[in-house]
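Please read the following report alongside the coordinates.

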Amino acid sequence: NFFIDELGKVPNRIQGAVASSEATAARLRSHGITVFDLNQVERMSVYIDGADEINHRGAMIKGGGGALTREKIVASVADRFICIADASKLVEVLGQFPLPVEVIPMAAAAVSRRLASLGATPTLRLRDGTPYLTDNGCQIIDASGLEITDPATLEVKINDIPGVVSVGL
């Protein structure tokens, strides 16, 4: 949000932006920045976002704001990814921040059981007492209690669980 606010001070320096969430799109538009649908963009020179947690090797947990799947999609068309994070986000081992897992709503309980079998304590994310829905209409399970020493392997394991849309690694 701080970056977008600063970018809003020089809106004519860029042609526009692709947002990874509806909230980000609204913030960009409020600063007079054109927001393109990703389907209108073949590639982007840079994608800039933040991280919830990052280790010394650059592996990170993202998705605390609920846009993890869209963030990965937008990043996939960028030549370069720049992550904005301060020292408070740096950890030796990932997992202090709960790992967000976006799921198809009908699979939330089944995915939670599988996450528990991997050592996580899964919690369905709620907002005002009801399941939080992503901009994709999916739910998020926050998996806490993990010490993520091999993020790439864990990402594959979680992505292979039927009903998982994306994991925030």
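## Basis

This is a predicted model, in which local features need pLDDT of at least 70 and side-chain atom pairs count only at pLDDT 80 or more, while totals for chains, interfaces and linings use all residues. Residues are numbered from 1 along each chain as its sequence is written, and side-chain values use heavy atoms, with hydrogens and water left out.

## Largest pocket

The largest pocket has a volume of about 1400 Å³. On a 1 Å grid over the protein atoms alone, a pocket is an open set of points where a 1.4 Å probe fits, with protein on both sides within 12 Å along at least five of seven lines, and lining residues have an atom within 4 Å of a point. There are 42 lining residues, and those closest to the centre of this pocket are I4, S20, T24, I48 and D49.

Helix 1 (2-7), strand 1 (17-18), helix 2 (22-30) and strand 3 (47-50) each supply at least two residues of this lining; helices (H or I, at least four residues) and strands (E, at least two) are DSSP runs, numbered from the N terminus. By class, the lining comprises 21 nonpolar, 13 polar and eight charged residues.

## Second largest pocket

About 300 Å³ of space lies in the second largest pocket, which is lined by 17 residues, with A19, E22, D37, L38 and R70 nearest its centre. Helix 3 gives the largest share of this lining, four residues, and the lining as a whole divides into eight nonpolar, five polar and four charged residues.

## Ring contacts

How many aromatic pairs does a search of the whole structure find? The search finds one, formed by Y47 and F81, which are stacked at 5.7 Å centre to centre with 25° between the planes (ring centres within 6.5 Å make a pair, and planes under 30 degrees apart count as stacked). Because Y47 lies in strand 3 and F81 in strand 6 (residues 81-84), the pair ties together parts that are 34 residues apart in sequence.

Y47 counts as buried at 5% relative accessibility, whereas F81 is partly exposed at 34% (buried means under 20% relative accessible area, exposed over 50%, and partly exposed in between, with a 1.4 Å probe and protein chains only).

## Helix 4

In helix 4 (residues 108-117), A108, V111, S112 and L115 are buried. Seen down the helix axis, the buried residues fall within an arc of 105°, so they line one face of helix 4, the arc being that of the directions from the axis to the C-beta atoms. The face turned away from this buried side carries the exposed residues R113 and S117.

Terms used:
Points joined across faces, edges and corners; volume = space filled by probe spheres on them. Nonpolar A, V, L, I, M, F, W, Y, C, P; charged D, E, K, R; others polar. Phe/Tyr/Trp six-rings, centres within 6.5 Å; stacked < 30°, edge-to-face > 60°.
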